[in-house]
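Dear colleague,

I am handing over a structure that you have not worked with before. Please look through it first and then read the notes below.

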Amino acid sequence: MRFLFTILFILDAFTHVSFSQIVLNRDSSLSFKENGAKFQSALSGGINSGQFSNVDLNLDGIMDLIVFDKSGNRLNPFINNNGDFIYAPKFRNKFPYMHDWTLLADYNCDGKNDIFTYSSGGMAVYLNTSNNELEFTKITSLLLSDYGSSNLNIYISPIDIPAITDIDNDGDLDVLTFSILGGFVEYHKNLSMELYGTCDSLIFELSENCWGLFYEGLNSYILNCPNCQCPQIANINNSKEKHSGSTLLAIDIDNDNDKDLILGDISFNNLNLLINGGNNQNAIIVSVDSVFPKNYSNTVAADMYVFPAAYYLDVTNDGINDLIVATNTENNSENFESCWLYENIGQNNLPNFNFLQKNFLQIDMIELGASALPTFYDFNNDGLEDLVIGNYGYHNPNNNPISSLALFENIGNDSIPKYNLIDRDWLSISTINLNTQLNMPALNLSPTFGDLNGDNKKDLIIGDANGKLHLFTNIGNSNFQLTTANFQNIDVGQFAQPQLIDVNRDGLTDLIIGEQDGTINFLPNSGSISSPIFDSIITNWGGIDVDQMFISTGFSNPTLYDSSGVYQLLVGSFSGSIYHFSNIDNNLDGQFNQKNSTISNIWDGGKSAIAIADINNDNQPDMILGNSSGGISYFSSDSLLTDTTTLTVNISNNKDIIFNIYPNPSNRDLTIKTNETGLVQIHNFLGEVIYSEVKNEKKLVINTSKFSKGIYILSLDNNYLEKIILQ
């Protein structure tokens, strides 16, 4: 169950207007095509930095697929339907909140893959306890290992990807990870089999400080380093340089009963194959192939521009693991064709990789590179709402990203919309030097439409990454002409996200503009219908500063919507939370009220961007939601739909309950004192449960020192909610 933490303002949640009564449901039935081919998973939201694992989502005995996108920390579940992977977002709420990296592997040999995910310089583990439905139970928030003198967390960087596999072939899962100080790989041996004769425990010891007897530099390797001493590098053990970032995959590639290593480096585009010439008890790396898998399988070498990561799992439905190569960085990397698939036409322990495609799964979804910034606009005047989506840009290995507008024509009817992607670079804006200072195209194109010259044709304003606006005048017949770059010298700082709308209802089109710092600017039109003037900027409009409780930048994306004559303001944000504000009409100089509503409970990835319109003619608003991965999702107000994202929270009205939490804020021990007993849970700002314990006595003390700093919600049997601050 997911609820976003605009629920922090729960006391305002019961002051409803008509807009907050709307039930928005995720709707995956909306049809999208391109070049006559239908996107099978159009609304699955894009993939930038995918991490791939198998898991049985629907418990039918067939392994399905999850893709954890490091960009936005978004989980994409896919059901395996006879070899076709069908997007199934309803399974998202079965997983805990995860960030940075996530891998699934079966550690207790019950045939159900468990979760290993980043946590505070190490990893947390969740056991797959599914019975009648998918379920995970936290085993530990920080996996420990015996380092000789004491038990410490197995260090894993949030940047790295560890290898979690059976290194010594004894039946339990071990861990390979880079040392915190540099290029040696630590081997943490699982002692479950040795101690208990079963694989169902996670008891680790640091077995080797330099597994494989090699040292990794900057995509270079020194072999034969006995006792972690490499003669070519002086004072290596005293080095203060921290490890910069690498991805590890350990598989037996040559069928000799030991694990070889496939390694990607943070600053390079290739994968390296490190051959283990030792055995499963004493690994010795004897050779390095820097163009894997080209030389090994006579195929295409992996080339991911920067920081590749390899994943080994079956996605071709033949029972044999295939190879997927993706990027492990969130920025400045391939974001449109970033999921390379190599089919394994060999065996699991003697693979033969055949390159198939660069856009595995991405080919079936709306994928616009980095970020999707949608708005509705009837470009061909047929009475149907078409869709224009800007982006930060498609990756361009030789230059800045290529930012553009994508045009989706509505080829359906007024009750059943259908969209056809007819142009990924509408108006050829990617070739226009809107950045007049550097004489180059602008980045992060955020479009909005409105009539600015009184000719009853909607003109186009585009906001960009430099905080500037650019005006394209509608000259008729779906044609636009650049009228003014740096329109009226408006500059809001960075990442201008504008909307043209008559805010003060005086008949003139005004501007509101979101920006990187999370606030919103209001620019009233002091000119006329045919000659607008935006000569004043009201900053911090409505007192809004989204995500300010969690991060320093909010990337506010405002959408003002008229609901039955009353303005409601929705604001997307960097975290992906959608903020809902009311009390706007007749209060343009005051503070707006933040509301908890159905819309506030929707989350679909970082950098949420909102487009609202009634596209199915039911007199209720529908929503297209863009995200940082360059994809979109759709939420319909159709009450017949059952895949709802809404959440009903029952707040106790019993005034006799004495519920004390102290100290609050807290930096270590949080005490909960009340006569009430029940299930105490702490939720992060995405609504995921990060702590759960049954309270049987009057007082419960929770050690919060392992939790990240931030604002959380504490609940007691879901009948009492309280905001807590951890410092």
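This is a predicted model: local features need pLDDT of at least 70, side-chain atom pairs count only at pLDDT 80 or more; totals for chains, interfaces and linings use all residues.

Residues are numbered from 1 along each chain as its sequence is written, and side-chain values use heavy atoms, with hydrogens and water left out.

The protein chain averages a pLDDT (the predictor's confidence in each residue, from 0 to 100) of 88, and 90% of the residues score at least 70. Over residues 234-241, however, the pLDDT is below 50, and it stays under 50 over residues 639-657 as well.

The protein chain has 2 helices and 52 strands, where helices (H or I, at least four residues) and strands (E, at least two) are DSSP runs numbered from the N terminus. Its radius of gyration, taken over C-alpha atoms, is 27 Å, which agrees with the value near 27 Å for a compact globule of 727 residues, the globule rule being 2.2 Å times the number of residues to the power 0.38. Of these 727 residues, 58% are buried, where buried means under 20% relative accessible area, exposed over 50%, and partly exposed in between (1.4 Å probe, protein chains only).

A nonpolar core is a set of buried Ala, Val, Leu, Ile, Met, Phe, Trp, Tyr and Cys residues joined through side-chain atoms within 4.5 Å. The largest one has 36 residues, and F52, L65, F116, Y311, F360 and L361 have the most contacts inside it. Among the elements that give two or more residues to this core are β5 (64-69), β9 (114-119) and β24 (308-313). Leaving aside neighbours within four places in sequence, F52 is in contact (heavy atoms within 4.5 Å) with residues including L65, Y311, F360 and L361. Apart from this core lies another, of 22 residues, among them L30, I366, L368 and A406.

Strand β30 (residues 405-410) has 5 of its 6 residues buried, so it is largely enclosed by the rest of the structure. Strand β29 (residues 387-390) runs antiparallel to β30 and is joined to it by 4 bridges, with L387 the bridge partner of F408. F408 also stands opposite L421 in β31.

Finally, Q620 is found in the loop between β43 (609-613) and β44 (622-626), and Q620 is partly exposed, with a relative accessible area of 32%.

With best regards

Conventions. Two strands pair if DSSP finds at least two bridges between them.
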